[in-house]
Amino acid sequence: MKKNSINRRTFLKSSALVGAAGMVGTGSALTSCNGGAGGGTGGSSANKPLKEPGSYYVPELPDMASDGKELKAGIIGCGGQGSGDTMKFLAAAKGVTIVALGDTFKDKVDRLAATLKEKNNIDIPEDKRFVGLDAYKQVIDSGVDVVLIATPPYFRPIHFQYATEKGKHSFLEKPICVDPVGYRMIMATAKQAQAKNLCVITGTQRHHQRSYVESYKQIMNGMIGEITGGAVYWNQSMLWTRERQAGWSDCEFMIRDWVNWKWLSGDHIVEQHVHNIDVFTWFTGLRPATAVGFGSQQRRLSGDQYDNFSVDFVMENGIHVHSMCRQIDGCVNNVSEFIQGTKGSWSGNANSDMEIKDLAGNVLWKYDKEAEKTNFKQRDPYVLEQVNWINHIRSGKPIEQASETAVSNMMAIMGRESAYTGSEITWDAMTASQLNYTPKDLSLTDKMDMSGFMVAIPGKPQGKQTR
């Protein structure tokens with residue numbers, strides 16, 4: 001195989017759903033409770049828990065990871081996301097360093113190397129800077145203990161698989177796959193990681209944001225009663241684009257502009273909105289049964305994906321959740337989650353208040369942001385996810401989040417495919433589907449058949465883009 005080409009791969013066709021088990025953490029004082037017409041406060045004996053304490057995982061989130069063995073990390077994907085994760089990793093603990101960098105493009109590797117030298121006095125020698133589509137193998141084989149995988153999402157399943165085969169602990173940015181073939185690969189690799197007692201954390205940082213963790217505990221304590229439905233949103237302005245430069249091949253252009261191409265990003269319902277969808281699957285513990293949605297491309301400046309989606313999901317127990325996401329300038333923005341229960345409701349937003357109300361609208365519980373400021377110096381969830389990962393590695397307590405994240409990832413894929421086709425999509429059919437977004441002629445140097453990258457039209461055959 002040529003260094004800068006990838007042939008269509010034969011992926012695993014099936015994998016059983018697995019989940020990570022853990023124990024509930026200690027309580028905290030990051031809550032503010034008020035009496036209301038609905039009665040009750042967080043943890044009150046009047047509430048019937050949805051899950052018994054000790055039966056679900058709650059991360060411990062100190063300001064920094066505990067001291068321990070030195071950890072040498074390799075970075076796979078040196079763009080904006082990978083560079084950011086690199087700095088968060090270094091801020092999370094003492095005794096951690098970066099020793100190898102890899103990316104498809106040399107300019108990205110050299111830029112991150114320069115940043116590491118300037119800000120952290122870390123020298124990455126030339127022989128530890130790897131470039132090309134196979135750079136991930138060279139990083140993983142370079143003597144690292146852990147890897148941070150932040151390439152465009154399409155590549156993450158194969159990178160996770162190779163890292164696990166080589167016995168490396170992995171941090172996987174979200175989303176972790178873009179199609180059902182990648183989903184099954186993630187699930188199979190997650191089993192292997194569990195068998196090897198590896199620590200795998202994913203970039204769904206709300207799982208490491210104290211306000212979400214405290215909200216989750218209140219809901220598990222039964223404060224809103226049985227969950228009956230919800231709504232999740234990520235509506236914002238347009239994201240970035242890259243104009244094609246002279247000398248770029250088809251593949252180079254798409255990878256540099258990856259956030260606009262569905263084979264690379266999974267479309268923004270998968271790449272971005274998965275965060276909000278993941279909150280619902282996390283808080284409910286449910287998988288979707290069906291999805292019916294619609295969307296369109298209205299104003300996107302580049303690529304072949306949609307810029308808006310609206311999806312009705314029916315979960316496996318029959319409750320509904322509405323998913324809405326949009327990337328269009330000049331429209332109202334909303335990035336939040338809402339969950340309705342038999343006794344009340346919870347609403348959350350990563351940048352503002354989180355609260356629980358009873359059925360009459362009285363506030364029963366509110367996250368205490370001031371208490372968090374008093375009790376903790378580190379409040380960045382992007383750092384705290386690295387803290388938790390390092391603590392699990394150093395304590396020898398394996399954790400595996402990829403299989404859990406894969407559920408929310410697949411839910412987003414179901415919504416995307418329903419919008420693209422106009423069909424009802426079921427969990428069983430989509431998880432077994434042979435849908436594979438790998439381009440047949442993927443090459444970093446050769447010309448590709450760009451006619452296959454088309455905007456989907458619901459109700460019509462999808463053509464080459466859904467091989």
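Predicted model: local features only at pLDDT ≥ 70, side-chain atom pairs only at ≥ 80, totals over all residues.
Figure 1. Although N197 is not a glycine, its phi is positive, at about 60 degrees. Most residues other than glycine have a negative phi.

**Figure 2. The cis peptide bond between K174 and P175.** K174 and P175 are joined by a cis peptide bond, for which omega is about -15 degrees. Most peptide bonds are trans. P175 belongs to the loop between β6 (169-172) and α5 (180-195).

**Figure 3. G77 in the loop between β2 and α1.** G77 lies in the loop that connects β2 (71-76) with α1, and at a relative accessibility of 1% it counts as buried, because the limit for buried residues is under 20%. When its neighbours within four places in sequence are left aside, G77 is in contact with G82, G102, D103, A150 and T151. G77 and F155 are 78 residues apart in sequence, while their C-alpha atoms are 9.9 Å apart in space.

**Figure 4. The packing of helix α1 against helix α12.** Helix α1 (residues 80-91) packs with helix α12 (residues 381-395) at an angle of about 60 degrees, and their axes are 8 Å apart. This angle makes α1 oblique to α12, and the crossing of the two helices is right-handed. On the α1 side the contact is formed by D85, K88, F89 and A91, which meet Y382, V383, Q386, W389 and I390 of α12. Sorted by type, the residues of this contact are six nonpolar, one polar and two charged.

**Figure 5. Aromatic pairs, with Y306 and F309 as an example.** A search of the whole structure finds 19 aromatic pairs. In the pair of Y306 and F309, the ring centres are 5.4 Å apart and the planes stand at 40 degrees, so the pair is tilted. Both partners are buried: Y306 has a relative accessible area of 1%, and F309 is at 2% relative accessibility. Elsewhere in the view of aromatic residues, ring pairs link Y56, Y212, Y216, W282, F283 and W346 into a cluster.

Technical notes. Residues numbered from 1 in each chain as written. Heavy atoms only, no water. Axes fitted to C-alpha atoms, helices over the stretch in contact; angles between N-to-C directions. Helix = DSSP H or I, 4+ residues; strand = E, 2+ residues; numbered from the N terminus. Parallel < 35°, antiparallel > 145°, perpendicular 65-115°, else oblique. Left-handed = near helix turned anticlockwise from the far one by under 90°. Contact = heavy atoms within 4.5 Å. Nonpolar A, V, L, I, M, F, W, Y, C, P; charged D, E, K, R; others polar. Phe/Tyr/Trp six-rings, centres within 6.5 Å; stacked < 30°, edge-to-face > 60°. Buried < 20%, exposed > 50% of the residue type's maximum accessible area, 1.4 Å probe, protein only.
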